[in-house]
Amino acid sequence: MAVVSALVRRPLEQVSGLLRRRFHRSAPAALQITVRDAINQGMDEELERDEKVFLLGEEVAQYDGAYKVSRGLWKKYGDKRIIDTPISEMGFAGIAVGAAMAGLRPICEFMTFNFSMQAIDQVINSAAKTYYMSGGLQNVPIVFRGPNGASAGVAAQHSQCFAAWYGHCPGLKVVSPWNAEDAKGLIKSAIRDNNPVVMLENELMYGVAFEFPQEAQSKDFLIPIGKAKIERQGTHITVVAHSRPVGHCVEAAAVLAKEGIECEVINMRTIRPMDIETIEASVMKTNHLVTVEGGWPQFGVGAEICARIMEGPAFNFLDAPAVRVTGTDVPMPYAKILEDNCVPQVKDIIFAIKKTLNI
Amino acid sequence: MMQTVRRMELKADQLYKQKIIRGFCHLCDGQEACCVGMEAGINPTDHLITAYRAHGFTFTRGLSVREILAELTGRRGGCAKGKGGSMHMYAKNFYGGNGIVGAQVPLGAGIALACKYNGKDEVCLTLYGDGAANQGQIFEAYNMAALWKLPCIFICENNRYGMGTSVERAAASTDYYKRGDFIPGMRVDGMDVLCVREATKFAAAHCRAGKGPILMELQTYRYHGHSMSDPGVSYRTREEIQEVRSKSDPIMLLKDRMVNSNLASVEELKEIDVEVRKEIEDAAQFATADPEPPLEELGYHIYSNEPPFEVRGANQWIKFKSIS
């Protein structure tokens with residue numbers, strides 16, 4: 001009997017094994033992509049899709065990009081569409097804006113946004129304000145992009161965050177991606193937008209790989225500008241951030257979850273126009289708010305969020321004052337110990353959350 | 001055309017003194033040969049950008065005196081719906097009207113880049129004054145325009161004074177046509193409309209042939225001060241202004257030429273004057289009577305091609321609707 005059943009069993013195993021082999025469908029190995037490659041892919045797709053799109057900036061062409069974000073694009077599209085500029089920020093930003101006024105769709109790269117200060121007049125006075133000043137006659141479909149904020153050991157002149165500066169101005173749109181999906185979806189939306197869009201990337205995030213969801217792999221994947229994303233649901237406290245700090249908030253939330261504190265982490269994705277509704281709805285649920293940003297505290301993104309929360313329906317739901325976690329209020333120092341204490345760390349976020357929750 | 005520009009500017013002067021026009025008002029009477037001559041040397045499909053002394057160009061590029069004056073008086077019938085004012089008037093292939101001194105020059109080089117990119121034979125006239133000529137961004141634009149052979153005609157309208165500062169006090173070299181260094185440049189009599197026209201034609205041909213940018217310095221003169229708040233006599237003498245008026249007035253020069261060559265009679269020219277005066281009067285009437293833009297539209301035109309949203313007013317309860 002045992003012999004017979006053994007004989008019977010094996011073929012069944014073999015058959016089911018065959019069945020398994022033939023119809024086996026495991027989840028596809030999750031595709032990973034770095035933020036850098038996501039931006040590259042987004043730009044590549046838009047360059048291919050629309051003849052009018054072109055990229056200009058320092059070292060974007062033959063050098064493949066100072067941070068290799070535009071790697072391979074010059075080889076594919078050539079001199080006409082990928083243009084190396086001399087070191088003339090004010091000049092080439094103005095040229096980019098003029099080209100946009102004349103109907104092209106330039107992507108103007110600043111090697112870092114620190115250098116955009118030299119060209120900020122062109123961004124604000126020539127690009128942002130023009131549609132309004134012309135009574136709706138002249139639009140400026142331009143994207144200004146590049147790394148923003150602190151890097152690693154590059155000191156004060158190369159570490160400033162411009163989210164608050166650009167976020168201040170009507171007529172501009174300002175986006176700040178965190179992960180790869182954000183980066184691709186937002187650069188594509190920015191390029192397709194008929195208005196001047198500033199995309200604040202982050203150098204330290206360029207090399208970080210993320211899971212690349214199926215839908216993000218599509219050539220038509222867009223992330224709407226002006227809409228935040230809830231990265232993690234929670235009930236005890238709302239934690240809002242943009243760019244790299246979103247990752248720190250997610251980390252902080254994981255640590256706190258072990259202590260039974262459930263944080264709702266919101267990734268702003270867009271600085272202007274700000275999606276205050278998502279933040280309000282969350283605060284009305286959790287009754288507590290902590291904002292996190294890399295930039296300086298005074299007149300910053302967090303300050304704006306707090307002001308708006310005060311003015312809106314969510315104020316009555318706060319059980320404690322809203323709290324901001326920001327960069328330290330000094331020009332960025334060089335020494336590692338000093339620099340580390342000038343950017344919001346996970347421990348600072350956890351501390352702020354616990355303080356707000358009175359734990 | 002020159003007569004229309006002249007009369008329009010004088011009317012603007014009048015309206016400003018009556019406080020019907022406010023803020024900045026930079027008049028170009030005396031410089032009519034520049035805008036009219038240039039327009040005669042290019043096609044409507046070419047492009048032009050200038051700084052804030054822009055009313056003449058706004059007219060020559062195709063807008064009506066009506067729309068221009070109504071914009072100056074801040075009415076809804078203005079070419080920018082009252083949102084821009086004197087320094088921010090736009091038309092097809094005319095990119096303003098720019099308030100920041102010198103910023104329009106890289107913009108113009110960018111428009112020229114678009115011309116080259118699109119492969120049509122268009123050129124961009126990029127204007128700036130003797131004052132702006134010392135802006136660093138202009139040299140950045142020269143460099144890139146020459147490097148990339150952009151069809152950009154850089155034009156310096158040298159009216160001898162940057163606000164109250166004479167050229168000798170502002171520039172180590174007042175040979176503005178040479179300041180482009182590696183860009184070929186020519187000096188043109190900006191009071192002679194035919195001269196300006198021919199020079200513009202030459203420059204445009206140069207660019208259309210793919211030879212890259214070129215520079216023109218137009219030597220011209222403004223009768224008014226820098227703006228309406230400048231009487232214009234603290235840094236120059238009345239005698240100087242008078243001398244230019246009597247010897248080099250662009251309209252007078254053309255009139256004399258036409259009459260002396262029997263191209264027109266004095267009566268015919270007088271008729272033109274009468275028509276122009278009427279046109280200006282009508283336009284001024286309109287500009288004075290037209291209502292101001294409706295308050296509800298204050299928030300309009302922030303973004304192009306965007307679903308409607310709300311704009312915050314002076315406090316959180318005041319909201320303006322914004323549509324594209």
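At 28% relative accessibility, D348(A) counts as partly exposed, where buried means under 20% relative accessible area, exposed over 50% and partly exposed in between, computed with a 1.4 Å probe on protein chains only. K347(A) is likewise partly exposed, at 48%. D348(A) and K347(A) form a salt bridge with their closest N and O atoms 3.1 Å apart; the term denotes a side-chain nitrogen of Lys or Arg within 4 Å of a carboxyl oxygen of Asp or Glu.

The structure is a predicted model, in which local features need pLDDT of at least 70, side-chain atom pairs count only at pLDDT 80 or more, and totals for chains, interfaces and linings use all residues. Residues are numbered from 1 along each chain as its sequence is written, chains are lettered from A and ligands numbered from 1 in the order in which they are written, and side-chain values use heavy atoms, without hydrogens and water.

Over all chains, 41 salt bridges are counted. D182(A) pairs with R269(A) at 2.7 Å between the closest N and O atoms. Because D182(A) lies in helix α9 (residues 180–192) and R269(A) in the loop between β11 (263–267) and β12 (270–272) of chain A, the pair ties together parts 87 residues apart in sequence. Helices (H or I, at least four residues) and strands (E, at least two) are DSSP runs, numbered from the N terminus. Both D182(A) and R269(A) are buried.

R49(A) and E46(A) form a salt bridge at 3.8 Å, N to O. Both residues lie in helix α2 (residues 35–49) of chain A, three residues apart. E46(A) is buried, at 1% relative accessibility.
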